[in-house]
Amino acid sequence: MEKYIDSSYQLFIDGKWVNGKEGKTFNSYNPANGELLATCVDAGKEDVDLAVKAAWKAFDSWKNVSPQERARMLLKIADLIDENTEKLAMVETLDNGKPIRETRNIDVPLSADHFRYFASAIRTEEGHATMIDKDTLSIILREPIGVVGQIIPWNFPLLMAAWKLAPALAAGCCVVLKPSSETSLSALELFKLLSEVLPPGVVNLITGKGSGAGNYMLEHEGFRKLAFTGSTEVGYTIADAAAKKLIPATLELGGKSANIYFPDAPWDKAIEGLQMGILFNQGQVCCAGSRVFIHEDIYDRFLEEAVKAFENIKVGLPWEEDTIMGSQINNTQLKKILSYVEVGKEEGARVATGGYQIKDNGLEKGNFMKPTILVDVKNSMRVAQEEIFGPVVCFIKFRDEEEVIKMANDSEYGLGGAVWTKDINRAFRVARAIETGRMWVNNYNNLPAHAPFGGYKKSGIGRETHKVILEHYTQMKNIYISLTEEKFGLY
Amino acid sequence: MITKDTLVEDILRQYDVMAYFIKNGVSPFSCAGAYPESLGRLLEIKKVKDADAFIQGLNKYIVGQH
């Protein structure tokens, strides 16, 4: 197995790969077997400052690059990602623990497509002009907001980098991006490709700990906007940092999404949808369908088939072609998931299947969790209200639409959710009634560009994966023109 | 001895305490990684009513493990 990973990486600032000023580093490990993958720089305050300065220096010319030329570069980036699919997929698999079938077929292609989508979007972006009255012309233009700071999580490192970089670059902004210290490698490899296309300073990569590099970014006065994907707890910190500087922040935060099954759900697809909802990416998905609501008429049959499906999932080394579910990101997260299973049992839930770490068949050195279903769950239980972020799903029975809508909305989160039914009127009623930014109908966890994604309530602010995000990366400029030379008569 | 000012990152790196945190309603690790500030700040965000009691319990838990 070719590993594609360098033994050490540097920071990417002003078009150059450089060492950190403080000489600090951290190690990246393969969560599936504990092997050391690479050493990365643990950036300090001065590194962040240099990155911000480089971005501002580049902004003077980048903001004036035509949409046509920016689009050409974004399309070139997409092509390079495609050309390096196998390498990027394997790097992501080794660093994150997710299966190669997902990185190769989902993470990498969606990342490339994100750059293509925004390349197209900016070629059709236009301002507005209107005559306020016969002598007054109002023109509305959008201008890039400036240098933006972006902090991304470990669950979809490459894809989250694409979600952040593509619209910012399309809008004409320059970027300082910080990946999670858990998974910096695919972003580092991506930046090697970006360096072949973009002028120096347009994108800069800072690696390091949240308490160090991350916080230095939040403290830095040089950003005009912050963008963050991660937990709600850290989201508060980002929002606070942005508010103190009176700059905007877009936040894509946590969730506890409701996956709702009515008796007329398309059955085989429904069982697959359950698995897509909670086993995809080992359940480490902000919009995971972690509360499954099943109508009482189909509950017993659904549970029986779900247990069978879960027990047939091949949990294995993520680089093996037939692995369906890989490793959790690290031992800390695995212990969190196992702790929640215990909490659930203490609350009165029962483990229908799973609920333990897999420690055999070559998986002893990794962080592998058995796909888990908790039953006898009440919506008020902690396991039904708090984000577990693993392959653990709560099954909750319901009687009718009114009851399930009430339970689905009884959550501080509002990120994703789904309704499974062949009744189009019911599908729309339920989708519109649930307080959440994304409702899938008869599918789950499809996250392409061109459909906006983001949260209600404590799940965040703003929408990504759609051209509407360009508004967050630009400012509105109004040019208000008096076309007459006559005085107004006031003075 | 852990205090309000101890970084959550350092706590998780040095001690096996996830079970205590989760049992007591505070998640110190998420998709953003370890919470990037102090324990006191995390407890404030999570609206923990008695942060001192939480921290005292945490220190006892750590001692109990050894």
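Two residues are in contact if their C-beta atoms, placed from the backbone, lie within 7 Å of each other. The model shown is predicted: local features need pLDDT of at least 70, side-chain atom pairs count only at pLDDT 80 or more, and totals for chains, interfaces and linings use all residues. Residues are numbered from 1 along each chain as its sequence is written, with chains lettered from A in the order in which they are written.

**View 1. The contact between chain A and chain B.** Chain A contributes 27 residues and chain B 20 residues. On the chain B side, two or more residues each come from α1 (8–14), α2 (18–23), β1 (29–30), β2 (33–34) and α3 (39–45) of chain B. Helices (H or I, at least four residues) and strands (E, at least two) are DSSP runs, numbered from the N terminus. With 4 residues, α2(B) gives the most to this side.

**View 2. Residue classes on the chain B side.** The side of chain B that touches chain A has 13 nonpolar residues, 3 polar and 4 charged. Ala, Val, Leu, Ile, Met, Phe, Trp, Tyr, Cys and Pro count as nonpolar, Asp, Glu, Lys and Arg as charged, and the others, Gly among them, as polar.

**View 3. The two domains of chain A.** Domain 1 covers 11–253 + 459–477, and domain 2 covers 258–441; such bounds come from an automatic or database domain assignment. Taken over C-alpha atoms, the centres of these domains of chain A are 30 Å apart. Their contact takes 19 residues from domain 1 and 24 residues from domain 2.

**View 4. The domain 1 side of the contact in chain A.** Here α3 (85–96) and α4 (100–124) of chain A give two or more residues each to the side that touches domain 2. The most come from α3(A), with 4 residues.
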